[in-house]
Amino acid sequence: MNVTVGRSKIVVLDDWENALRERVDWKAIGERADVVIHNTMLRGEALGAALRGAQCVVLIRDRTPMPAELLRQLPDLRHILFTGTRNTKLDVQAALDQDIIVSHTEWGPSKASTCEMTWSLILAAARGIPGLSLTSERSAWRDPSRVAFLPPVLHGQRLGLVGLGQIGQRVAAVGRALGMEVVTWSPHMTAARAAEHGALSVSLEDLLRTSRVVSLHLVPSAPTRQLLNRERLALMRPDSILVNTSRADLVDSEALVEALRAGRPGFGAFDVFDAEPLPRDHPLLDLKNVLLTPHYGFVAEPVFAEFARGVRGNLDAWLAGETVPNRVTA
């Protein structure tokens, strides 16, 4: 879209699914501002060129880092709007120090969506679904390379949840419905809080040693970044499944590749990575005991419908000179 001198320029980054392009009424917004929507990842000079002259930037989650150094290169920027309620890669304080308005949308049912993604990964990994699926190219009813595979039954097995927030609680409920024993750990977990959700509070080391399935549901912080290091990963059972739909920062990525090669854990199912999109030469792609998905935990129609409503409402208010909804103040 061409940019007209004297009009505000709004840049939308990382609309990989074309969800905002299709769900926001850009025609109405375009009567008051010039809008440029990018649906591929931009970095370096390409990112700088895309943002040059922008008064407003719309971010899809934290797909593009916005550190203080980048913000200082954007003197025209007046408003940053991100989808969801948390952005771990935006330097909010640096933006506020530059008198940039920062606001966000609401979430929609992202917690439910991520829980469903978590269980999709767990069940697909446990049952070996990717290797069993039939296609026109792979139509053998019993593939000779897989004929000896006998999947486990999760009923009666231990499910270890690292974190028991809104997503972890949902994952725990499904585990209990499947007849699993649920144990949990987090930095401030108590026995009483765990019991409220049908779980047993244990040490992190005990959880890793004894759980058939370990699923991560913490927000990274100073004490939990690279929480699963080389030593802790080595504690896991050789038949265990490690699942991460939270944040890659929770795991030492180099140690994770080594641990999977060594067979502890026995299998990894991951929806989040230290670099996204995942580079083609990432060592995880060479492993056979992994199931990798492109950060789809929160990606769902009703979630993006809520994002679109929030983006339209925020931009309408900002363009009208009114107070924007969900403004971040610190």
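Visitor: Hi! Which order do the 7 strands of the open sheet come in?
Guide: Hello! In this predicted model, the order is 8-7-6-9-10-11-12, and the pairing is parallel.

Visitor: And which are the edge strands?
Guide: Those are strand 8 (200–201) and strand 12 (290–292), each of which pairs on one side only.

Visitor: What holds strands of a sheet together, in general?
Guide: Strands of a sheet pair through backbone hydrogen bonds, in either a parallel or an antiparallel way.

Visitor: OK, how many bridges join strand 9 to strand 10?
Guide: There are 4 bridges between strand 9 (residues 213–216) and strand 10 (residues 241–244), and the two run parallel. If you want a spot to look at, find serine 215: valine 243 in strand 10 stands opposite.

Visitor: Got it. Which strands does helix 8 touch when it packs on the sheet?
Guide: Helix 8 (residues 166–177) touches strand 6 (158–162) and strand 7 (181–185). The direction of helix 8 makes about 175° with that of strand 6.

Visitor: How far apart are the end C-alpha atoms of helix 8?
Guide: They are 17 Å apart. At 1.5 Å a residue, the 12 residues of helix 8 should span 16 Å, so the two values agree.

Visitor: Which residues of helix 8 are buried?
Guide: Gly168, Val171, Ala172 and Gly175 are buried. Looking down the axis of helix 8, you'd see the buried residues fall within an arc of 105°, so they line one face of the helix.

Visitor: What covers the buried residues there?
Guide: The cover includes helix 6 (110–127), along with strand 6 and strand 7.

Visitor: And which glycine follows helix 8?
Guide: That is glycine 179, which has a positive phi, near 85°.

Visitor: Let me jump to a histidine. Where is histidine 197 found?
Guide: Look in the loop between helix 9 (191–196) and strand 8.

Visitor: Is histidine 197 buried or exposed?
Guide: Histidine 197 is buried, with a relative accessible area of 19%. The cut-off for buried is under 20%.

Visitor: What does histidine 197 touch?
Guide: Leaving out residues up to four places away in sequence, histidine 197 touches Leu164, Gln169, Ala172 and Arg176.

Visitor: What is the phi of aspartate 14?
Guide: Aspartate 14 has a positive phi of about 60°, although it is not a glycine. Aspartate 14 sits in the loop between strand 1 (8–13) and helix 1 (19–23), and is buried with a relative accessible area of 2%.

Visitor: And what about asparagine 326?
Guide: Asparagine 326 is not a glycine either, and has a positive phi of about 55°. Its loop runs between helix 13 (301–319) and strand 13 (327–328). Asparagine 326 is partly exposed, with a relative accessible area of 28%.

Visitor: How many residues of strand 2 are buried?
Guide: In strand 2 (residues 33–37), 5 of its 5 residues are buried. Both faces are covered, with Ala33, Val35 and Ile37 on one side and Asp34 and Val36 on the other.

Visitor: How does strand 2 pair with strand 1?
Guide: They pair in the parallel sense over 5 bridges. As an example, lysine 9 has aspartate 34 in strand 2 as its bridge partner.

Visitor: Last one, the whole chain: how many helices and strands are there?
Guide: The protein chain has 13 helices and 13 strands. Of its 330 residues, 49% count as buried. The C-alpha trace spans about 65 × 50 × 35 Å along its principal axes.

Definitions and conventions. Residues are numbered from 1 along each chain as its sequence is written. This is a predicted model: local features need pLDDT of at least 70, side-chain atom pairs count only at pLDDT 80 or more; totals for chains, interfaces and linings use all residues. Side-chain values use heavy atoms; hydrogens and water are left out. Two strands pair if DSSP finds at least two bridges between them. Contact means heavy atoms within 4.5 Å. Axes are lines fitted to C-alpha atoms, for helices over the stretch in contact, and angles run from 0 to 180 degrees between N-to-C directions. The expected span of a helix is 1.5 Å times one less than its number of residues. Buried means under 20% relative accessible area, exposed over 50%, partly exposed in between (1.4 Å probe, protein chains only). The arc is that of the directions from the helix axis to the C-beta atoms.
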